[in-house]
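Please read these notes with the model open beside them. They are meant for someone who has not looked at this structure before.

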Amino acid sequence: MDTQSLQAFLAVADHGSFSLAGEHLHLTQPAVSKRIAGLEDQVGARLFDRIGRRVSLTEAGRLLLPRARQILVMVDDSRRAIGNLSGDVGGSLTMATSHHIGLHRLPPILKAYTQAHPEVRLDMRFLDSEQAYQDVLDGELELAVVTLAPSPAPDLTVVPVWVDQLRFVCGRDHPLAGREQLPLSALSTFDAVLPGHLTFTRGIVVDTFAREGLKVQVALSTNYLETLKMMVAIGLGWSVLPESLIDDEIEVLPIDHRPIQRPLGYLMHKSRTLSNAARSMLAMLEAARSPEARHWG
């Protein structure tokens, strides 16, 4: 099996489309189909069912899928291990970060990194933290710098770098604005605007209320914290936001409860051989770790 055919197979499986796989790989649809046909000849089985515009994995395709990912990761690891022998810091570094961290935490590190290693080509992807986790597990990314999961997968190395203090906030015209002190239960009677249902941050907030026997009424959701701030400012509900986003447009609520904290940091697959470019990035992230992050957990 050649790696190009396996890459085409994974692209079609991930995108559910030969044309979208071609766009992802910068190939024509016939070229993708040719690679898949060649792979099917090699394994002696049909890998995809094509019914109209719908493309789905056959039983053989589902069996091959995790093995194909493993093969490509091993090939990439071998290339990196050999490339690392020279000691040079070059090539490409594929990493992801969330929009909030990319805007408010990473810029000084990225600036220092690109100045120290101008020969490295950064392939920076802005993803939701949950997607970045999965892409590291699947071998799509060397590193991710994101909100850390409360219970990370055992195959990952997860290291906190910063600890966000999340504050309860509302708009200036919200009924709770201007109060001197409020119990956590006061928020349960008003609508909240929070990150999406499956996000780590949403889970942290909901679990905080659940431990007090309380529920959260979520009216609207978005994974972009800057958009959440706008929603709070115009009065669509209360929320929790990092201190870095709080300004005169919104008000911090004096809730009688300790601030909610969420760890932000980097993760990598334990079985992956990191490039010298990735190791250099890790060194900068380690140097940036806050005292709170070093003592987290």
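1. Basis. This is a predicted model, in which local features need pLDDT of at least 70 and side-chain atom pairs count only at pLDDT 80 or more, while totals for chains, interfaces and linings use all residues. Residues are numbered from 1 along each chain as its sequence is written, and side-chain values use heavy atoms, with hydrogens and water left out.

2. Overall. The chain has 11 helices and 11 strands (DSSP runs numbered from the N terminus: helices are H or I with at least four residues, strands are E with at least two). Its C-alpha trace spans about 70 × 50 × 30 Å along the principal axes. Of the 297 residues, 44% are buried (under 20% relative accessible area; exposed is over 50% and partly exposed in between, with a 1.4 Å probe and protein chains only).

3. Salt bridges. The count is 10, where a salt bridge is a side-chain nitrogen of Lys or Arg within 4 Å of a carboxyl oxygen of Asp or Glu. D14, R69 and E140 are linked in a network of them.

4. A pair 10 residues apart. R50 and E40 form a salt bridge at 3.8 Å, N to O. R50 belongs to strand β1 (residues 48–51) and E40 to helix α3, so the pair ties together parts that are 10 residues apart in sequence. R50 is partly exposed at 36%, whereas E40 is buried at 13%.

5. Two pairs between distant parts. In the salt bridge of R167 with E243, the closest N and O atoms are 2.7 Å apart. This pair joins strand β6 to the loop between β9 and β10, 76 residues apart. R167 has a relative accessible area of 28% and E243 one of 40%. E251 and R172 meet at 3.3 Å, N to O; E251 is in strand β10 and R172 in the loop between β6 and β7, 79 residues apart. Here E251 is buried at 15%, while R172 is partly exposed at 43%.

6. The cavity. How many cavities of 30 Å³ or more are there? There is one. A cavity is a set of points on a 1 Å grid over the protein atoms alone where a 1.4 Å probe fits but cannot get out; a pocket is an open set with protein on both sides within 12 Å along at least five of seven lines, and lining residues have an atom within 4 Å of a point. The largest cavity holds about 230 Å³, a volume being the space filled by probe spheres set on the points, which are joined across faces, edges and corners. It has 18 lining residues, with S98, S129, T147, N223 and R262 nearest its centre. Helix α5 gives the largest share, three residues.

7. The second largest pocket. Its volume is about 310 Å³. Among its 18 lining residues, P150, I204, Q261, P263 and W296 lie nearest the centre. The largest share, four residues, comes from α8; β6, α8 and β11 each supply at least two.

8. A loop residue. H26 lies in the loop between α2 (18–25) and α3 (29–43). Its phi is near 60°, a positive value in a residue other than glycine. H26 is exposed, at 72% relative accessible area.
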